[in-house]
Amino acid sequence: MFLAVALSSENGHDALAAVLYAVIGWADYLDGFVARLTGQYSRLGALLDPIVDRLLVISGMVVCWDFELLPRWAIALVVARELFVLVLSRYGIRHGVELRINWAGRLGVAPTLGAPFFAIAGAYWVALVCLYLGLAFSLVATAMYVRDGLRQVRARKLSSSA
């Protein structure tokens, strides 16, 4: 629904699209917060939540790309990173690598999700600051995920050969 509303706007700046994006983002955050608060966990939720997060970011970036609301090189980097992390997390699940969100990942979530929101809402400079902050934190987080995953794989290989 968000994509249909946003992509059918004249110039990408649309109040309803911005509200829908915000509601989806906050609902996803609230769902995770309540699950952690109540100690509820499901394998399905653990598998789907990262996919939903990535799809939200990517859908917001699609709108920004289509209407050139943000620099395309940065949008391409955000989308490439999101797809890489999605593939990396699926690989990790299959190979028993357990990666938890790190400090850089936590700090990168809000600005990365905020960039498309503010761009669609017409607050260009706020969107740009969010985009660059989110991108910086997200790239640091990705490097940390790769490092931690490689450490686990190496440790597993050493313990199995010993």
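Predicted model: local features only at pLDDT ≥ 70, side-chain atom pairs only at ≥ 80, totals over all residues.
At 9% relative accessibility, Asn 102 counts as buried, where buried means under 20% relative accessible area, exposed means over 50% and partly exposed lies in between (1.4 Å probe, protein chains only). Asn 102 sits in the loop between helix 4 and helix 5. Leaving aside residues up to four places away in sequence, Asn 102 touches Ala 141, Met 144 and Tyr 145; contact here means heavy atoms within 4.5 Å.

Residues are numbered from 1 along each chain as its sequence is written, and side-chain values use heavy atoms, with hydrogens and water left out.

## The chain as a whole

The protein chain has six helices and zero strands, and from the N terminus on its elements run α-α-α-α-α-α. Helices (H or I, at least four residues) and strands (E, at least two) are DSSP runs, numbered from the N terminus. Along its principal axes, the C-alpha trace spans about 65 × 35 × 25 Å. Of the 162 residues, 35% count as buried. The chain exposes about 9,700 Å², with carbon and sulfur atoms supplying 69% of it; accessible areas come from the Shrake-Rupley method with a 1.4 Å probe, and for residues only the protein chains shown count as cover. Among contacts with a separation of 6 or more, 76% are between residues 24 or more positions apart.

## Two helix pairs

How do helix 5 and helix 6 meet? The axes of helix 5 (residues 103-121) and helix 6 (residues 124-161) come within 7 Å and cross at roughly 150 degrees. Helix 5 and helix 6 are therefore roughly antiparallel to each other. The residues of this contact divide into 19 nonpolar, six polar and no charged.

Helix 4 and helix 6 pack at an angle of about 30 degrees, with their axes 11 Å apart. That makes helix 4 roughly parallel to helix 6. Among the residues making this contact are Trp 73, Phe 84 and Leu 88 of helix 4, and Leu 131, Thr 142 and Val 146 of helix 6. The contact divides into 14 nonpolar, two polar and one charged.

| Helix pair | Axis angle | Axis distance |
|---|---|---|
| Helix 5 and helix 6 | roughly 150 degrees | within 7 Å |
| Helix 4 and helix 6 | about 30 degrees | 11 Å |

The crossing of helix 5 and helix 6 is left-handed, and the crossing of helix 4 and helix 6 is left-handed too.

Some terms need their cut-offs. Axes are lines fitted to C-alpha atoms, for helices over the stretch in contact, and angles run from 0 to 180 degrees between N-to-C directions. Angles under 35 degrees count as roughly parallel, over 145 as roughly antiparallel, 65 to 115 as roughly perpendicular and the rest as oblique. A crossing is left-handed if the near helix is turned anticlockwise from the far one by less than a right angle, and right-handed if clockwise. Ala, Val, Leu, Ile, Met, Phe, Trp, Tyr, Cys and Pro count as nonpolar, Asp, Glu, Lys and Arg as charged, and the others, Gly among them, as polar.

Phe 84 lies in helix 4 and, at 41% relative accessibility, counts as partly exposed. Phe 84 touches Thr 142 and Val 146, not counting residues up to four places away in sequence. Phe 84 and Thr 142 are 58 residues apart in sequence and 8.8 Å apart in space, C-alpha to C-alpha.

Ile 93 lies in helix 4 (residues 72-94) and, at 34% relative accessibility, counts as partly exposed.
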